Amino acid sequence: MMLALEMYRSPAKFLAAKAVGSRIPGVLTGPAAPLRLVTINEPKADRDGWARIRPILSGICGSDLGMVTGHTKLYFSALVSMPFVPGHEIVGELLEDCEDLPKGTRVVMDSVLTCAARGVEPCESCVAGRTNRCDRITVGHVAPGLQTGFCQDTGGGWGNVMVAHRSQLYAVPDGLSDERAVLTEPLAGAVHTALRAKVEPGQSVLVSGAGAVGLFATLALRELTQAGRITVVAKHPKQRELAKAFGASDVVAPDEVFRGVRRATGAFRLKPELNAKEFLLGGVDIAVDAVGSKDSIDTVLRVTKAGGRVVLAGMPSTGADLSPVWFRELELTGTYASSREEPNDRPAFETALEIAAKAPLDGVVGARYPLYRWREALDHAQSAGRLGTVKVAFDVRAS
């Protein structure tokens, strides 16, 4: 038996969180939360290539918060199996040998449950190394789940024990702290984002949002591309400080975006009638939305020059006006998780581990909570930017 936080299906709580969560934040981790601390059976690693892992630290991701707050789209309901233990950003310790990895090895995990993990013939995407696009995430000998942490059979990082397949695991180098290692999964996502952006030398880039997704995207863009000016949109003082440390050329507040991009690029600024949102003729070469909100997506579409590229790195909301996509012939690019074979011919996780070792990441994990303080942890994560925190994590060993 083990202690775990378990997400369970409750239509009433989902609707309640969706209806009042943004207005009454405390409800999200109180009576409206479809989450409970329980003692349940440990998941089993009873097939070849699988092993049990004891999580050490497990991050709280925006997608995790989206589940709790009711903001996750019903599109994804067919890609999970409930009840499940959340937590896909982990550093943990192997409880038994896993093929070439001996018991006791510290590991991080690519959470996508691909064909290899599910024991089925590889789909076209997996054969090509684009494992984040796997078409078999609902079949095989594992319950449906787009990732570990959304699957009934695997457990997740918000529990004392979970299981993973060898194809998901990467050994943590000696000397890399747990606090840095737990950032590998979101850093791998940022690597994927930076490479999907296809930045040409000297091109200008706007990153909208300076939470973990936006800050790590900024870091990866500076590390892996020859981008020219990188402008980051940040609300809070700590976010502005870290954006500069991670490679931003300029940092602007949300209400300064149009003015800042116009000044930097020489674009023309136009204001439609009836208080419709302004837009630019001209603008940045590439824009990365790292928020997913209607306002953020509307903004990046309106400040990207004709023929430019807009990369959606945040889980998108509804209601964005796509007029600029049509009128300015913008290229929209999605970026989800990370791949075993990226455009630089390496797994994103290998590159992410290298970045984790050398980047200025000390203090990025700003708070750690035991599982039994889960309400405090989620409240903190929900207000992380305002509180000067980038990443909140569960200290599972302390639970």
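User: Hi! In which handedness does H6 pass H7?
Analyst: Hi there! In this predicted model, helix H6 passes helix H7 in a right-handed crossing.

User: Which residues make that contact?
Analyst: From H6 you have Pro186, Leu187, Ala190, Val191, Thr193, Ala194 and Leu195. H7 brings Phe216, Ala217, Leu219, Ala220, Leu221 and Leu224.

User: And how does that contact of H6 with H7 split by class?
Analyst: There are 12 nonpolar residues and one polar residue, with no charged ones.

User: What's the angle between H6 and H7?
Analyst: H6 (residues 184-196) and H7 (residues 212-224) pack at about 55 degrees, and their axes are 8 Å apart. The two helices are therefore oblique to each other.

User: OK, now H6 and H12. At what angle do their axes cross?
Analyst: Roughly 115 degrees, with the axes of H6 and H12 (residues 348-358) coming within 8 Å. Angles of 65 to 115 degrees count as roughly perpendicular, and H6 and H12 are therefore roughly perpendicular to each other. H6 passes H12 in a right-handed crossing.

User: Who's touching whom there?
Analyst: On the H6 side, the contact is made by Thr184, Glu185, Leu187, Ala188 and Val191. On the H12 side, look for Ala348, Phe349, Thr351, Ala352, Leu353, Ile355 and Ala356. By class, that contact has nine nonpolar residues, two polar and one charged.

User: Switching to strands. In what order do the six strands of the open sheet come?
Analyst: The order is E10-E9-E8-E13-E14-E15, and the pairing is parallel.

User: Which strands stand at the edges?
Analyst: E10 (250-252) and E15 (331-334) do. Each has a single partner strand, so one side of each is left without a neighbour in the sheet. From one strand to the next, the twist averages 20 degrees.

User: What holds paired strands together in general?
Analyst: Strands of a sheet pair through backbone hydrogen bonds, and the pairing is either parallel or antiparallel.

User: Can we zoom in on E8 and E9? How many bridges pair them?
Analyst: Four bridges, in the parallel sense, between E8 (residues 205-208) and E9 (residues 230-233).

User: What about E4 and E5: parallel or antiparallel?
Analyst: E4 (residues 90-94) and E5 (residues 106-109) run antiparallel and are joined by three bridges. Valine 91 stands opposite valine 108 in E5.

User: Which partner does valine 108 have in E7?
Analyst: That's tyrosine 170. E5 and E7 (residues 169-171) run antiparallel, joined by three bridges.

User: Which residues does the cis peptide bond join?
Analyst: Methionine 82 and proline 83, with omega at about -5 degrees. Proline 83 is in the loop between helix H2 (62-69) and E4. For background, most peptide bonds are trans, and most residues other than glycine have a negative phi.

User: Last one: which residues does UniProt give for the domains?
Analyst: An unreviewed UniProt entry places "Alcohol dehydrogenase-like N-terminal" at residues 48-174, and the annotation "Alcohol dehydrogenase-like C-terminal" covers residues 212-343. In the model, residues 48-174 are 13% helix and 20% strand, while residues 212-343 are 34% helix and 24% strand.

Terms used: Residues numbered from 1 in each chain as written. Predicted model: local features only at pLDDT ≥ 70, side-chain atom pairs only at ≥ 80, totals over all residues. Heavy atoms only, no water. Axes fitted to C-alpha atoms, helices over the stretch in contact; angles between N-to-C directions. Parallel < 35°, antiparallel > 145°, perpendicular 65-115°, else oblique. Left-handed = near helix turned anticlockwise from the far one by under 90°. Contact = heavy atoms within 4.5 Å. Nonpolar A, V, L, I, M, F, W, Y, C, P; charged D, E, K, R; others polar. Pairing = 2+ DSSP bridges. UniProt positions renumbered as here; feature names shortened; annotations may be inferred.
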